[in-house]
Amino acid sequence: MKKRFVVLGAAFCMFAMAFAEGGKTMREAFADKFLIGVALNTRQVTTKNPEVQALIRDQFSSVVAENCMKAAEVQPEEGVFDFTDGDKLCDLAEKNGQAVIGHCLVWHSQAPRWMFRDKDGKQVSREVLIQRMKDHIYKVVGHFKGRVKGWDVVNEAIEGNGEFRKSPYYRIIGPEFIRLAFQFAHEADPNVELYYNDYGMDSPRKREAVVKMVKDLKAHGCRIDAVGMQSHVGFDTPLDEYEKSLEAFAAAGVKVMVTELDLSVLPWPKGNYGAAIETNFDYKKEMDPYTEGLPADKQKEQDDFYAKLFDIYLRHSEDVTRVTFWGLTDADSWKNNFPVRGRTDYPLAFDRDMKPKPFVNTIIEMAENAK
Ligand code: XIL
């Protein structure tokens, strides 16, 4: 009797709390603006923890795989494909009525080692790499046909100075690898959206190079639906330049997606925010100042910066079709290990207790007040 009373009491409290919080979720508030997405790892996709599942379901209208659809994961050996985790993500999204974004088909990082080498360890020829790229794209895009809304076809092909990244794809195939990748993806699924995705998009040189690439793709008759601005930003990211890039991409005739949003509060070793995956620096205590919690003034700085970002997105909601956070909670963020391993960062919308940061309510109100 007593136990039943306690259970009933607890259920009532939870109901009362949910009711008192009232307000809309991000998913509801942004419903008529753009998709609001989250990158998930497989542990989050498969967990039975009802709080995690509710957070994913209620707050987001779109999901993307943080790792499990990357080439090294889906084709660890030539001709051996593993779609298990990607399928689980699609199952969850379908249950939740969320759009799945495929990330990513052609990227120098997290590419399987065998991709660029023959069985004797020698670099493959241009023809062989084109064939491997084609087989990979056909198989992966083909597998997820009808379940994935759009693919990051090529990831990070351009450097901050506007030059092509000298990746194995570039060195072995030449700059045409980009066009070929888009062409193969379109052949594999004529209905799927196709995106180019990159970081450091506030750089004017990179902006120009990406615009040129988009125009070149279009001139060759390739489908490209959107440019993805990863947006691994910091307090020193120049928002005027960032907005100019967003505008320049839209003016080039594509939609814009904010694909990997996170806002680090930690010092960056070189004073230059990017996401070059190969970057890594030694741990130093002074580079990890908030292990005991985020001070109120830093939280405020983050709230203000996120409000500025969403002000940009909402003002451009005709062109922006998705904004995706690169992770669910601060505890899971890759930023805790990049570019320095083992730090305590606070880059995302939900904190380590899965509670929304103050800016979440602010951006929900901004969305509701936006025309
Ligand atoms: C990151 C993941 O978050 C990490 O878990 C993984 O160890 C490395 O890759 N740009 C991208 C993403 O396009 O795929 C990267 O994701 C972050 C930078």
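Contact here means heavy atoms within 4.5 Å. The model is predicted: local features need pLDDT of at least 70, side-chain atom pairs count only at pLDDT 80 or more, and totals for chains, interfaces and linings use all residues. Residues are numbered from 1 along each chain as its sequence is written, and side-chain values use heavy atoms, with hydrogens and water left out.

**View A. Ala252 in its loop.** Ala252 sits in the loop between α11 (239–251) and β8 (255–263); helices (H or I, at least four residues) and strands (E, at least two) are DSSP runs, numbered from the N terminus. Ala252 is buried, at 12% relative accessibility (buried is under 20% relative accessible area, with a 1.4 Å probe and protein chains only). Beyond four places in sequence, Ala252 is in contact with Val211, Val214 and Lys218. Val211 lies 41 residues away from Ala252 in sequence, yet 6.3 Å away in space, C-alpha to C-alpha.

**View B. Arg207 in helix α10.** Helix α10 (residues 204–219) carries Arg207. Arg207 is buried, with a relative accessible area of 12%. Its side chain makes a polar contact of 2.9 Å with that of Ser245 (a pair of N or O atoms within 3.5 Å; within protein, one must be able to donate a hydrogen and the other to accept it, and residues adjacent in sequence count only if both atoms are side-chain atoms). Not counting residues up to four places away in sequence, Arg207 also touches Asp202, Glu241, Lys244, Ala248 and Phe249, among others.

**View C. The buried side of helix α4.** Val52, Gln53, Leu55, Ile56 and Gln59 are buried in α4 (residues 50–59). They lie on the same side of α4, because they cover an arc of only 170 degrees around the axis (taken from the directions from the helix axis to the C-beta atoms). Their cover includes α2 (26–29), β1 (35–40), α3 (42–46), β2 (62–65) and α6 (84–96). Asn49 caps the N-terminal end of α4, with a side-chain oxygen 2.8 Å from the backbone nitrogen of Glu51.

**View D. Met26 in the largest nonpolar core.** This core has 100 residues; Met26, Phe310, Tyr313 and Phe325 have the most contacts inside it (a core is a set of buried Ala, Val, Leu, Ile, Met, Phe, Trp, Tyr and Cys residues joined through side-chain atoms within 4.5 Å). Helix α9 (residues 176–188) gives the most to this core, with eight residues. Setting aside residues up to four places away in sequence, Met26 touches residues including Ile36, Gln59, Phe60 and Phe325.

Note on methods: Buried < 20%, exposed > 50% of the residue type's maximum accessible area, 1.4 Å probe, protein only.
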